[in-house]
Amino acid sequence: MELAEVVRRRRMVRRYSPEPVDPAAVDRMLDAARRAPSAGFAQGWGFLVLDTPRDVARFWEAATPPERAARPDAWLRGMRTAPVVVVPFSSAEAYLDRYAEADKGWTDRDPGLWPVPYWHVDAGMAALLVLLTAVDEGLGACFFGVPAASVGPLREAFGVPDAFAPVGAVTIGHPVAEERRAGSAARRHRRPTEEVVHRGHWSTSST
Ligand SMILES: Cc1cc2nc3c(=O)[nH]c(=O)nc-3n(C[C@H](O)[C@H](O)[C@H](O)COP(=O)(O)O)c2cc1C
């Protein structure tokens with residue numbers, strides 16, 4: 001599929017069919033993820049792949065606050081149909097270590113030197129490549145946030161070191177055609193180019 005077509009087609013998919021996902025397709029998504037750009041080529045990320053019913057169930061157990069698990073809403077019921085979950089993690093430590101090397105020289109490891117946390121930026125770029133490759137494979141995917149209270153249980157359930165934080169999680173599977181747009185995109189419009197692009201000087205849209 002052409003890149004422009006992949007980008008145009010990508011939508012967050014929040015309900016999946018029971019059809020299994022070809023493990024080779026997941027491998028291609030992960031290969032795309034590790035090709036993402038990263039500051040200083042630090043690659044301070046890790047991707048937890050959960051592709052068995054048991055592991056996916058353990059993910060939802062860890063990632064769902066008890067009050068929500070007790071009364072699963074439509075979102076949770078839909079997302080739990082995904083046969084595969086990939087959790088991209090980022091490590092600040094890896095970036096502080098990398099930038100303390102001679103060619104960067106940030107030996108004081110001062111967090112104030114960072115205009116934004118590059119470790120999260122990079123893991124986000126990798127996650128986007130997972131989403132785009134899913135479309136290219138004829139699959140659907142959804143990136144979503146992991147509740148702060150679930151980060152500890154998630155690390156514990158899967159033996160993830162404390163240095164790694166989940167930037168979100170990605171469900172993957174064969175999409176079930178939904179009648180309407182779901183999530184925030186159902187309630188909000190895509191902002192037009194002239195509103196978000198500032199050419200030569202930051203402009204404030206009159207509309
Ligand atoms: C950082 C981030 C966090 C998100 N968190 C959630 C989430 O918790 N639940 C969800 O259903 N979608 C989540 N989304 C998906 C957005 O709602 C979605 O990208 C947006 O509504 C635009 O729709 P589209 O991606 O289908 O074009 C998240 C997206 C990003 C980038």
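The exercises below work through a predicted model, each with a solution in steps.

**Exercise 1. The ligand**

Find which residues surround the ligand, and state how they divide into nonpolar, polar and charged ones.

*Solution.* Begin with the shell itself: the ligand is surrounded by Arg10, Arg11, Met12, Arg14, Trp75, Phe143, Phe144, Gly145, Arg181, Ser184, Ala185 and Arg190. Sorting these residues by type gives 5 nonpolar, 2 polar and 5 charged. As for cover, the ligand on its own has 620 Å² of accessible area, of which the protein covers 61%.

**Exercise 2. An aromatic pair**

Decide whether the rings of Trp60 and Phe144 are stacked or edge-to-face, and locate both residues in the chain.

*Solution.* A pair of aromatic rings is described by the distance of the centres and the angle of the planes. The structure holds 13 aromatic pairs, and in the one formed by Trp60 and Phe144 the centres are 5.5 Å apart and the planes lie at 10 degrees. Planes under 30 degrees apart count as stacked, so the pair of Trp60 and Phe144 is stacked. Turning to position, Trp60 belongs to helix H3 (residues 53-63) and Phe144 to strand S3 (residues 140-144), so that the pair links distant parts of the chain, 84 residues apart. Finally, compare each value with the limit for buried residues, which is under 20% relative accessible area: Trp60 is buried at 6%, and Phe144 is buried at 8%.

**Exercise 3. Positive phi values**

Determine where Phe41 and Arg109 lie, and whether each is buried, partly exposed or exposed.

*Solution.* Most residues other than glycine have a negative phi. Phe41, however, has a positive phi near 55 degrees, and Arg109 has a positive phi near 50 degrees. Phe41 sits in the loop between helix H2 (23-34) and strand S1 (45-50), whereas Arg109 is placed in the loop between helix H6 (92-99) and helix H7 (118-136). Since exposed means over 50% relative accessible area, Phe41 counts as exposed at 58%, while Arg109, with 29%, is partly exposed.

Notes
Residues numbered from 1 in each chain as written. Predicted model: local features only at pLDDT ≥ 70, side-chain atom pairs only at ≥ 80, totals over all residues. Heavy atoms only, no water. Near = heavy atom within 4 Å. Areas by Shrake-Rupley, 256 points an atom, 1.4 Å probe, with all protein chains shown as cover. Nonpolar A, V, L, I, M, F, W, Y, C, P; charged D, E, K, R; others polar. Phe/Tyr/Trp six-rings, centres within 6.5 Å; stacked < 30°, edge-to-face > 60°. Helix = DSSP H or I, 4+ residues; strand = E, 2+ residues; numbered from the N terminus. Buried < 20%, exposed > 50% of the residue type's maximum accessible area, 1.4 Å probe, protein only.
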